[in-house]
Amino acid sequence: MRLLENSGKCPVCGFPTSQNCQANESFEPYGGREYLSPLAETETVEIDQLLARMQPYQCKNCGAAYLEPWLNAYARSRVFVTGHPVHNAGWRNLQQWIERGLTPAIPSSISSLFEEIDRRIGNFTSYVEFGCPFQGLLLGLAPPEDATLLIKSPESQFTMSSALARRRLLLPMYWYQKLSRYVFQISCYLTRIRKTRDRIRGRRLRDKPLFSLPATSFFVPLSSSRFWSANCSMYGGTCPAVVSQFSNVTVSSLAEVMKSEIHQFDVAGLFNVLDHQDNPMNLLREVLKISKLVICLSHNPPYTKQHHFGLGKEFFYKLPDRIENCEVVALSDLEGPNCFFLISVDQQTASEL
Ligand SMILES: [Zn+2]
């Protein structure tokens with residue numbers, strides 16, 4: 001099949017597939033349809049046949065589970081750039097936060113995270129989060145009421161410029177973005193009505209942030225052929241633009257934050273991000289270098305097939321084999337759909353990563 005390629009090795013650590021074992025229970029056999037169907041349709045391939053060709057393996061070396069074969073570079077571009085350019089899970093989280101003040105991506109064990117951070121370094125004053133801004137702490141740092149700033153603020157620019165719109169090719173996208181802005185406005189008005197009704201009925205609503213914003217907070221979108229990244233936009237704006245509207249977070253780049261000194265940040269957040277990277281181990285090493293503590297939220301199996309690989313608890317428990325002096329602390333019971341860890345290395349090790 002021209003959309004798939006065999007790599008012959010674990011995409012996380014490079015250990016040969018021939019020495020790994022098949023692990024059918026690690027992936028949902030037909031999981032990931034919503035993301036891969038547009039590719040199958042444009043390439044006139046049967047979606048179930050495409051998914052069935054991807055066989056799950058368990059890496060004996062690093063603990064990752066992965067698919068062999070998986071999407072080649074062309075197919076990845078057709079999935080993440082053109083076929084399904086929107087990260088549903090992230091935008092769904094934003095919508096729930098606006099409507100109900102929920103931060104659904106944050107596990108119920110979030111208090112254990114703050115206790116552990118407090119025990120290790122005290123009050124944290126600098127934070128950097130990577131990948132998708134609607135899966136981690138950034139939504140929790142802002143009060144949900146602030147979402148209305150998106151429509152109130154005169155500097156909100158949630159439409160593409162008319163100069164761009166005049167270019168014929170972009171017209172459909174322009175109208176899509178214009179319309180989605182109105183959909184968003186309507187949903188904000190409905191939210192206000194719902195909140196007023198709830199207040200009249202005497203229901204308590206969360207109108208304060210869950211946590212306070214550290215003085216220095218950065219968000220770093222990442223470029224990857226396995227992730228939506230810069231292609232992902234909704235309501236007429238990209239996710240970094242939307243998150244900048246309601247928080248003081250500085251949107252930056254990996255190259256820029258990597259210029260930081262060793263352990264310059266107190267805490268870094270990788271929320272469902274490593275399993276979408278072209279080289280997850282490199283990213284993890286880089287982040288451990290600049291941050292004292294690294295929060296990792298990841299899926300547990302079974303994974304869905306828009307992921308080339310899944311990084312569940314086995315992977316995190318094996319990390320000390322791959323990164324010297326690496327401390328891995330579990331923050332949740334690890335039996336649910338997610339696993340939640342705090343990872344760190346000492347300053348000396350960080351300088352050698
Ligand atoms: Zn491996």
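In which sense, parallel or antiparallel, do strand 6 and strand 11 pair, and over how many bridges? Strand 6 (residues 126-130) and strand 11 pair in the parallel sense over four bridges; two strands count as paired if DSSP finds at least two bridges between them. This is a predicted model, in which local features need pLDDT of at least 70 and side-chain atom pairs count only at pLDDT 80 or more, while totals for chains, interfaces and linings use all residues. Residues are numbered from 1 along each chain as its sequence is written.

**Overall composition**

- The protein chain has 14 helices and 15 strands; these are DSSP runs numbered from the N terminus, with helices (H or I) of at least four residues and strands (E) of at least two.
- Buried residues make up 38% of the 353 residues in the protein chain. A residue is buried if 20 or more other C-beta atoms lie within 10 Å of its own, exposed if 12 or fewer, and partly exposed in between, with C-beta atoms placed from the backbone.
- Among contacts between residues at least 6 apart in sequence, 76% join residues at least 24 apart; two residues are in contact if their C-beta atoms, placed from the backbone, lie within 7 Å.

- Seven strands form an open sheet with mixed pairing, in the order 10-7-6-11-12-15-14. Strand 10 (250-251) and strand 14 (327-330) stand at the edges with a single partner strand each, so one side of each is left without a neighbour in the sheet.
- Seven of the seven residues of strand 11 (residues 265-271) are buried, so strand 11 is largely enclosed by the rest of the structure.
- Glu129 has Gly269 of strand 11 as its bridge partner.
- Strand 11 also pairs with strand 12 (residues 291-299) in the parallel sense, over six bridges, and Val267 has Leu293 of strand 12 as its bridge partner.
- Strand 6 and strand 7 (residues 216-220) pair in the parallel sense over five bridges, with Val128 opposite Phe218 in strand 7.

**Helices against this sheet**

- Strand 11, helix 11 (residues 280-290) and strand 12 make a right-handed β-α-β unit; right-handed means that, with the strands pointing away from the viewer, the path from the first strand over the helix to the second runs clockwise.
- Helix 11 lies across strand 6, strand 11, strand 12 and strand 15, running at about 145° to strand 12. Such angles run from 0 to 180 degrees between N-to-C directions, and the axes are lines fitted to C-alpha atoms, for helices over the stretch in contact.
- Helix 5 (residues 110-121) runs at about 160° to strand 12, and Gly122, with a positive phi near 80°, follows helix 5.

- Four strands form an open, antiparallel sheet in the order 2-3-4-13. Strand 2 (21-22) and strand 13 (309-310) are at the edges, each with a single partner strand, so one side of each lacks a neighbour in the sheet.
- Strand 3 (residues 55-58) and strand 4 (residues 65-68) pair over four bridges in the antiparallel sense, and Gln58 stands opposite Ala65 in strand 4.

**Backbone exceptions**

- Most residues other than glycine have a negative phi, and most peptide bonds are trans.
- The peptide bond from Glu68 to Pro69 is cis, with omega near -5°, and Pro69 lies in the loop between strand 4 and strand 5 (70-71).
- The peptide bond from Pro301 to Pro302 is also cis, with omega near 5°.
- Thr44 is not a glycine, yet has a positive phi of about 45°; Thr44 is exposed, with 6 other C-beta atoms within 10 Å.
- Asn272, in the loop between strand 11 and helix 11, has a positive phi of about 50° and counts as buried, with 21 C-beta neighbours inside 10 Å.
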